[in-house]
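Me: I would like to learn how to read the features of a protein model, one at a time. Could you take me through this one slowly?

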Amino acid sequence: MSAPHPLRPAAFDPQAVREDFPILARRVGDRPLAYLDNAATSQKPRVVIDAVADYYRLHNANVHRAAHLLSDEATAAFEEARAQVARFLRSPSVEQVIWTRGTTEAINLVAASWGGAHLRPGDRILATEMEHHSNIVPWQLICARTGAELVPVPVTERGEVDLAAYERLLDERVKLVAVTQVSNALGTVNPVPEMARLAKGVGALVLVDGAQGAAHFPVDVAALGCDFYAFSGHKVYGPTGIGVLWGKRELLEAMPPYQGGGEMIETVSFAGSTWNRLPYKFEAGTPHIAGAVGLAAALRYLEGLDREAVVAHEADLLAYTRERAAELPALRPVGEPRQAAGIFSFLLGDAHPADVGTVLDQLGVAVRAGHHCAQPLMARFGIPGTVRASFALYNTREEVDRLFAALAKACDLLL
Ligand code: C6P
């Protein structure tokens, strides 16, 4: 085994936080679970599980509607959760936080509402080649409706955005740049503030897909320079089915509703309807109240940790993984981004990624294998998919060692 990496932080004890996550005590067959599939979804601390259970056990009612105590309590918890998200994003106001089902719905909302109202034939949307399908397909749908064009921004062999090519593509036809803060397939941390500054130079808006970024870094929407920011609760230790769209107030004010129904209206008659104020204009129907409450608990949990130490710990895990990978000749990393967070993607000889994933699973090591909903990126590298190990704050170097012990076994079996 290699010597301890110099980045190894002292201030954060992942072993202690593991106690907060009951599922990590599970076994897979006769082996302990090494959960390295956090980019797909992270595990939930007890405070989140309890917050959701307590909500249903003690406070469940519909929000903003009824004149009774439980509804008041549910409404207060729901709106306090929104305020918690606003603090998490450093949003200047709470009304700019819109509940969605997740990142996917948040991006679809912007594409359908803003895109439907503003895009014209000849307009362009830029999206990097490393985007998740959620930040590609909604733009394709709205381009098909409006006659606008979706143009890919190339990615280099390292798995980084080709900034020179990006600058060449930026002209007055570009109305919006869609970029992921962190690539879910390669872990690349994109230079979002710089990309946003360049986009502003041609008057384009910037939508940041924070699905992976929010899980690894403290977020500051103003520092990122974005107009829209989307993230999912389930990747930041919160529940599934809840997520957020943050947007600049003047943009959200000017955008038409995304869906119609209860809550999003001010008045309704058959002659026509008027819309509720922000954020409710975009929140048709009964929301995922328990999800919002659970997400707020997750964000409070994160706030209670030394975030800088967590970032350093995750950087240490990645550095250690790369160090161990260099010792395994059959392993080929896919992309070698200079700025990366929490994700290591690779191939093992000519073994199919799915076969590697199956062998690892049999040894209790959970990873994802496949295209990671990033088929254009896989096509860019000329591969069908990768094996992806992705880390969260509760992972340990010992789990990385288990990954490499399992990979050695996979080499024996598959190569
Ligand atoms: N990536 C992964 O294994 P939803 O499904 O709406 O919560 O998130 C979609 C999404 C959007 N952007 C990025 C960068 C993402 O990573 C994801 C989800 C998971 O990589 C599931 S495909």
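**Between the two domains**

Reply: The count between domain 1 and domain 2 is two salt bridges, a salt bridge being a side-chain nitrogen of Lys or Arg within 4 Å of a carboxyl oxygen of Asp or Glu. This is a predicted model, in which local features need pLDDT of at least 70 and side-chain atom pairs count only at pLDDT 80 or more, while totals for chains, interfaces and linings use all residues. Residues are numbered from 1 along each chain as its sequence is written, and side-chain values use heavy atoms, with hydrogens and water left out.

Me: What does a salt bridge rest on, and how far apart are the closest N and O atoms of Arg338 and Glu160?

Reply: Side chains of opposite charge can pair when their charged atoms come close. Here Arg338 forms a salt bridge with Glu160, and their closest N and O atoms are 2.5 Å apart. By this rule the count comes to 21 salt bridges. Another pair is Glu399 with Arg18, whose closest N and O atoms are 3.1 Å apart; Glu399 belongs to helix H15 (residues 397–414) and Arg18 to helix H1 (residues 14–18), so that distant parts of the chain, 381 residues apart, are linked. Helices (H or I, at least four residues) and strands (E, at least two) are DSSP runs, numbered from the N terminus.

Me: Which residues make up domain 1 and domain 2?

Reply: Domain bounds come from an automatic or database domain assignment, which gives domain 1 as 14–38 + 306–414 and domain 2 as 49–303. Their C-alpha centres lie 28 Å apart.

Me: How many residues of domain 1 are in contact with domain 2, and what area is buried between them?

Reply: Contact means heavy atoms within 4.5 Å, and on that basis 33 residues of domain 1 are in contact with 31 residues of domain 2. Buried area is the accessible area (1.4 Å probe) that two parts lose on being put together, summed over both; between these domains it is about 2800 Å², with carbon and sulfur atoms giving 56%. In domain 1, the residues that lose the most area to domain 2 are Arg307, Leu377 and Arg380, together 24% of what that side buries.

Me: Which strand does S11 join, and how many bridges are there?

Reply: Two strands pair if DSSP finds at least two bridges between them. Strand S11 (residues 265–269) is joined to strand S12 (residues 272–275) by four bridges, and the two run antiparallel. They form a hairpin with two residues between them, and Ser269 has Gly272 in S12 as its bridge partner.

Me: Where does Pro279 lie, and what kind of peptide bond joins Leu278 and Pro279?

Reply: Pro279 lies in the loop between S12 and helix H11 (289–303), and the bond joining Leu278 and Pro279 is a cis peptide bond, with omega about 0°. For another backbone angle, look at Tyr237, which has a positive phi of about 75° although it is not a glycine; Tyr237 lies in the loop between strand S9 (228–232) and strand S10 (243–247).
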